[in-house]
Amino acid sequence: MRTEQELARLCSAGDREAQGELYAQYASRLYALCYRYVADRDEAQDLMHDAMIKAMDSFKSFIYSGEGSLYAWLRRLTVNVVIDRLRQMSKLRLVPIDQTMEPGYPEADDDAVDEIPAQVLLDMVAALPSVRRTVFNMYCIDGFNHKDIAAAIGITEKGSAGILAKARTQLRSAVNDYLKRTGR
Amino acid sequence: MKDYDDIFRKRLEGYEMKLPSSDRDDFLNRKATRERYARRRRNFLGLAVGIPAALAILCAILLFVYLLSK
């Protein structure tokens, strides 16, 4: 298996075999990332393909800065592709506060939460309304700040923080529901 | 929720989801289609610029020959 640096250099030169290796190494991770944002498997696959093609076309802009920088670059590029698509499809409309929030849930034990399968956590994120899902993903998982989020999806920084708080509340109740259902 | 944030991030950051078995073929087909389209577009642009340029040069030569013959 090639090193990240070598893989990037070969992909930048248009080497088909290296592009195939890049796809084999990162496709399933980027697919999960897209699914986290769009909550639809077909759409996630479509977006992942778009992001991969874009990456292969724009490898010249990638600068290697140590192990992990290739995935970090692919991830950022993929998030941008996803946000562009969500904007085009007008899926980033603000939604009213929904009925799923029930106050008074006790705090779940962190160890119990840690034992929830990743796919279940992913489905909980996917079940959030579009804007909350986007803000939560960008802020909590993909490391964007409120300023970047506000610029990317056309809201204010304060609005982004408010939406994040609602997303967290909704996720907390989803986690508690799950723990209650599974008797943990 | 800070701890929950960390848990969600830690578990989902590099999470891999199984792709459909036909995914690689779908991707290669799509990539090939894109490349074909880009090539066709380049060819079209080449012709759209090249033909008028060639005609302009031909006209200039003909005009020059005509003026010389006078």
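Helices here are DSSP runs of H or I with at least four residues, strands are runs of E with at least two, and both are numbered from the N terminus.

The model is predicted, so local features need pLDDT of at least 70 and side-chain atom pairs count only at pLDDT 80 or more, while totals for chains, interfaces and linings use all residues. Residues are numbered from 1 along each chain as its sequence is written, and chains are lettered from A and ligands numbered from 1 in the order in which they are written.

Several residues of α4(A) are buried, among them A:Leu70, A:Trp73, A:Leu74, A:Val79 and A:Leu86. A residue counts as buried if 20 or more other C-beta atoms, placed from the backbone, lie within 10 Å of its own, as exposed if 12 or fewer do, and as partly exposed in between. A:Arg75 and A:Thr78 also belong to the buried set of this helix. The partners against which the buried residues of α4(A) pack are α1 (4-12), α2, α3 and α7 of chain A. Just after the helix, A:Ser90 adopts a positive phi of about 55°.

Chain A as a whole contains 9 helices and 0 strands, and its pattern along the sequence reads α-α-α-α-α-α-α-α-α. Of its 184 residues, 36% count as buried. Two residues are said to be in contact if their C-beta atoms, placed from the backbone, lie within 7 Å. Among the contacts in chain A between residues at least 6 apart in sequence, 68% join residues at least 24 apart.

Chain A is divided into domain 1 (4-88) and domain 2 (110-181), with bounds that come from an automatic or database domain assignment. The C-alpha centres of the two domains of chain A lie 23 Å apart. Their contact takes 9 residues from domain 1 and 11 residues from domain 2. On the domain 1 side, α2 and α4 of chain A each supply at least two residues. That side has 7 nonpolar, no polar and 2 charged residues. In this grouping, Ala, Val, Leu, Ile, Met, Phe, Trp, Tyr, Cys and Pro are nonpolar, Asp, Glu, Lys and Arg are charged, and the others, Gly among them, are polar.

Helix α2 of chain A also holds A:Gln25. This residue is partly exposed because 16 other C-beta atoms lie within 10 Å. The C-alpha atoms of A:Gln25 and A:Met1 are separated by 10 Å, although the residues are 24 apart along the chain.

The contact between the chains takes 24 residues from chain A and 21 residues from chain B. On the chain A side, elements giving two or more residues include α2 (16-38), α3 (41-57) and α9 (157-181). The largest share, 8 residues, comes from α2(A). By class, this side of chain A has 15 nonpolar, 3 polar and 6 charged residues.

Confidence is described by pLDDT, the predictor's score for each residue from 0 to 100. The mean pLDDT of chain A is 87, with 89% of its residues at 70 or more, and chain B averages 89, with 97% of the residues scoring at least 70. The model scores ipTM 0.79 and pTM 0.80. Over residues 96-105 of chain A pLDDT stays under 50, and the model has 11 contacts beyond four places in sequence for them. Where pLDDT is low, the predicted coordinates should not be read in detail.
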